[in-house]
Amino acid sequence: MLNLEHLSKTYADGTRALSDINLSVREAEIVALIGGSGCGKTTLLRLIAGLDRASAGTIRLDDEVLSGPHPAIGIVFQEPRLLPWLTVSDNIAFGLDGVSAAERKARVAHALEKIGLVEHADRWPRDLSGGQQQRVAIARAFVTNPKVLLLDEPFSALDAFTRASLHEHLLGLWEETRPIVVLVTHDVQEAVTLADRAIVMQPKPGRIFDELSLSLARPRDKSGLPFESSVRRVLSALDQSLNPPQKQPQREKDRQAAALWW
Amino acid sequence: MTGQAQSHAWSSHKGAAALAAPPLAGKKRQAFDWRILLGFLLPIAIALLWEAAVALGLAQGRLVPPPSRIAATLLALAETGELWTHVWATLWRILIGFVIGAAAGIAIGAVSGTSTTMRRLLDPTLQALRAIPSIAWVPLFILWLGIFEESKVALIAVGVFFPVYLGIAGAILSVDRKLVEVGHVFRLSRTQLARRILLPAVLPEALIALRSGLGLGFMFVVAAEFMGASEGLGYLLVDGQQMGKPDQILAAIIAFALLGKIADSLLVYGTKPLVRWQDTVRERL
């Protein structure tokens with residue numbers, strides 16, 4: 001169980017990135033944080049990963065208060081961030097320092113098989129495509145068997161086909177240990193494909209606007225009606241979060257800007 | 001237009017080579033690239049032209065001796081063993097100076113690159129010292145260390161120190177924050193972070209810094225040997241000037257060119273396995 005209680009983050013320059021975030025994630029739940037840019041999704045993930053410090057509030061994992069990076073929490077960034085001087089298999093093994101050599105080898109071999117890169121084990125990252133690199137990054141996070149896996153828009157730089165295949169790889173790895181997954185995304189389709197729950201966020205300051213349950217059976221049929229209606233629900237929530245009641249003034253401003261332009 | 005035509009010719013040439021290469025080279029190492037020999041064309045052509053000009057009486061060749069005379073001088077120096085004495089004297093000075101200068105540059109560069117406080121403390125002074133032309137130290141070094149080896153090695157070490165210091169400090173400062181974060185996520189200690197992320201990340205730039213340091217070492221050894229030496233290639237230069245032997249001067253210059261190139265290549269090839277992973281265009285250019 002991952003609990004966020006009254007979490008706030010204010011940067012040194014006074015920008016309020018997050019204000020009073022309360023969220024609890026059940027075991028084996030996949031949660032998608034969705035929202036426009038600048039609503040603090042990535043900041044929230046960095047706080048959970050322990051890469052930044054919260055200004056107020058606590059993060060709790062199974063009654064343990066987190067401060068700083070924790071062995072049970074893994075993260076996959078927007079970019080693969082592989083170490084270019086390590087081979088693919090050494091990159092996957094990077095976080096397995098405290099594990100015996102045999103165990104490490106077995107886990108890396110299994111992960112390589114899972115992501116379908118066995119024949120690339122001894123290559124340098126530079127020889128892989130973007131999608132393959134991101135698969136290695138996902139494997140690197142999974143081999144340590146984290147209880148919580150944080151994904152920071154890891155598929156946003158990839159084309160649609162690659163993305164779909166990575167979704168499958170991700171779910172395949174997830175099925176084995178069923179960690180909590182917190183996925184940051186701005187892609188509604190992706191959120192509905194992967195998550196059990198979508199948290200819609202709102203900017204300035206970053207806060208939670210709405211929660212939507214996406215209890216569809218897996219594997220999910222992307223062309224089915226339930227999928228479509230879920231996508232529509234999330235989209236409309238997102239729409240409301242981005243331009244709440246004061247729709248009219250925004251239009252007015254646009255018109256003024258347009259007038260200036262002409 | 002001609003440029004375009006040429007580049008077309010080039011690319012088709014390369015294309016043909018690429019097509020022809022795989023079955024020959026196969027899995028073994030790439031076949032020898034004959035285009036490397038292109039680099040020898042210009043110096044050989046100039047040497048032959050000059051040789052011919054002197055042989056035909058078009059030029060006197062007293063102040064600019066023809067290649068055959070320079071070669072004869074080099075050979076004579078080598079046969080008497082004199083050349084090797086000078087070469088070893090010079091190489092030894094460079095080696096000691098380079099090791100001292102590079103070690104100091106790496107150590108202080110690492111400190112200044114990793115700690116902001118230390119950088120604020122050290123960097124301004126070092127930058128001011130760097131602005132002094134290193135030759136300006138010569139009189140002082142002679143007063144302090146005497147006219148023998150110590151002052152020469154000190155001068156070389158100073159020359160090597162600055163490019164290495166700058167390169168290492170700069171390389172550490174420019175390590176990608178994103179990779180360092182990967183280290184934080186896996187909770188590496190400071191020493192683990194240094195060993196597993198910082199060190200490999202700065203390696204390519206560090207090697208370039210060492211290369212330019214070595215180049216400066218060769219530059220400063222001449223200056224050091226000018227200021228009074230009884231052996232060394234720099235002494236051959238001074239001696240050649242005083243005795244009016246331009247062939248000896250040119251012989252020493254050619255020896256410098258060869259030694260410098262060999263030392264640089266040794267450094268590059270010796271360290272190549274360390275940076276094989278680099279994603280650069282170097283191999284393809």
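A residue is called buried here when its relative accessible area is under 20%, and exposed when that area is over 50%. The model is a predicted one, and this should be kept in mind at every stop.

**First stop: a phenylalanine and its partners**

Select Phe94(A), which counts as buried because its relative accessibility is 1%. Before moving on, show Arg196(B), which lies over the face of Phe94(A) at 4.1 Å from the ring centre.

Over all chains, the structure holds six aromatic pairs. For another of them, select Trp85(A) and Trp277(B): the ring centres are 5.5 Å apart and the planes stand at 70°, so this pair is edge-to-face. Trp85(A) is found in the loop between strand 6 (73-76) and helix 2 (88-92) of chain A, and Trp277(B) in the segment after helix 11 (246-271) of chain B, so that this pair joins two chains. Are these tryptophans, Trp85(A) and Trp277(B), buried or exposed? Both Trp85(A) and Trp277(B) are buried.

Within chain B, select Trp137(B), Phe141(B) and Trp144(B), which form one aromatic cluster. Then return to chain A and display Phe77(A), where the charged end of Arg81(A) sits over the ring at 3.7 Å from its centre.

Select His70(A), located in the loop between strand 5 and strand 6 of chain A; with a relative accessibility of 14%, His70(A) counts as buried. Its side chain is joined to that of Glu64(A) by a polar contact of 3.2 Å. When neighbours within four places in sequence are left aside, His70(A) is in contact with Leu61(A), Glu64(A) and Arg187(B).

Next, colour the open sheet of four strands in chain A, which has the order 2-1-4-5 and antiparallel pairing. Its edge strands, each pairing on one side only, are strand 2 (16-25) and strand 5 (64-65) of chain A. Inside this sheet, strand 1 (residues 2-10) and strand 4 (residues 56-61) of chain A run antiparallel and are joined by five bridges; Asn3(A) stands opposite Arg60(A) in strand 4 of chain A. Helix 1 (residues 41-49) of chain A packs on the sheet, where it touches strand 1, strand 2 and strand 4 of chain A, and its direction makes about 120° with that of strand 1 of chain A.

**Last stop: the six-stranded sheet**

Finally, select the open sheet of six strands in chain A, ordered 6-7-8-3-9-10 and mixed in its pairing. Strand 6 and strand 10 (207-213) of chain A are the edge strands. On average, and with direction ignored, neighbouring strands of this sheet are turned by 20° against each other. Strand 9 (residues 197-202) and strand 10 of chain A pair in the antiparallel sense over six bridges, and Val200(A) stands opposite Asp210(A) in strand 10 of chain A.

How values were computed: Residues numbered from 1 in each chain as written. Chains lettered and ligands numbered in written order. Predicted model: local features only at pLDDT ≥ 70, side-chain atom pairs only at ≥ 80, totals over all residues. Heavy atoms only, no water. Pairing = 2+ DSSP bridges. Contact = heavy atoms within 4.5 Å. Axes fitted to C-alpha atoms, helices over the stretch in contact; angles between N-to-C directions. Phe/Tyr/Trp six-rings, centres within 6.5 Å; stacked < 30°, edge-to-face > 60°. Buried < 20%, exposed > 50% of the residue type's maximum accessible area, 1.4 Å probe, protein only. Lys NZ or Arg CZ within 6 Å of the ring centre and 35° of its normal. Polar contact = N/O pair within 3.5 Å; in protein donor to acceptor, adjacent residues only side chain to side chain.
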